[in-house]
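Thanks for coming. I will keep this short and go through charges and rings.

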Amino acid sequence: MTDSARWKATIYVGGLAPGVTTSNLHDAFIPFGEIADITLPKNDAPNATEPHRGFAYVEYEDAEDTREAIDNMDQAEFFGRVIKVSAAKAPKSADEGLGSKTAVWEQEGWLAENAVSEEDRTAAAASKAGVDERPDDPMQGLEELDVAGPKPE
């Protein structure tokens with residue numbers, strides 16, 4: 001299964017209680033389809049007392065099963081908490097965007113979007129050269145209208 005297909009078959013489950021385990025999640029989400037994988041990220045903080053970070057990813061074998069799970073489990077109570085269930089978003093690449101370690105202008109995607117050809121530069125310079133002339137005054141001819149309202153008859 002490709003990465004994009006895997007993310008389409010994966011749901012995000014948020015708001016989990018600290019006592020929730022992968023087997024609890026498996027039991028709760030198995031009625032909606034065959035589960036391929038459950039990821040319950042551990043809390044890596046040195047002073048963390050919680051066993052996990054409060055969310056999980058449940059990957060189904062079939063992408064259509066995710067809709068059933070979302071429809072039935074979103075805003076449901078699980079271990080005394082209301083959980084949020086939605087389609088999982090693919091993680092952003094660490095090599096692109098504002099969080100990357102390379103400059104934005106050195107990334108291929110940015111350069112393709114923002115590259116300006118020499119022809120465009122000359123056209124912009126020519127249009128700037130023609131701007132020196134003063135445009136017509138839009139207020140020209142309105143001097144006699146010094147009183148607001150309709151003209152007295």
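Here is what I will cover: salt bridges, then aromatic pairs.

This is a predicted model, so local features need pLDDT of at least 70, side-chain atom pairs count only at pLDDT 80 or more, and totals for chains, interfaces and linings use all residues. Residues are numbered from 1 along each chain as its sequence is written, and side-chain values use heavy atoms, with hydrogens and water left out.

Salt bridges to begin with. A search of the whole structure finds two, a salt bridge being a side-chain nitrogen of Lys or Arg within 4 Å of a carboxyl oxygen of Asp or Glu. One of them joins the side chains of Arg6 and Glu59, at 2.9 Å from N to O. That pair links distant parts of the chain, with Arg6 in helix H1 (residues 3-8) and Glu59 in strand E3, 53 residues apart. Helices (H or I, at least four residues) and strands (E, at least two) are DSSP runs, numbered from the N terminus. Is Glu59 buried or exposed? Glu59 counts as buried, because its relative accessibility is 8%, and buried means under 20% relative accessible area, exposed over 50%, partly exposed in between (1.4 Å probe, protein chains only). Arg6 is partly exposed, at 34%.

Now the rings. The structure holds six aromatic pairs; rings of Phe, Tyr and Trp (its six-membered ring) pair if their centres lie within 6.5 Å, and planes under 30 degrees apart count as stacked, over 60 as edge-to-face and the rest as tilted. Phe55 and Tyr57 are edge-to-face, because their ring planes stand at 80 degrees, with centres 5.8 Å apart. Trp7, Tyr12, Phe55 and Tyr57 form one aromatic cluster.
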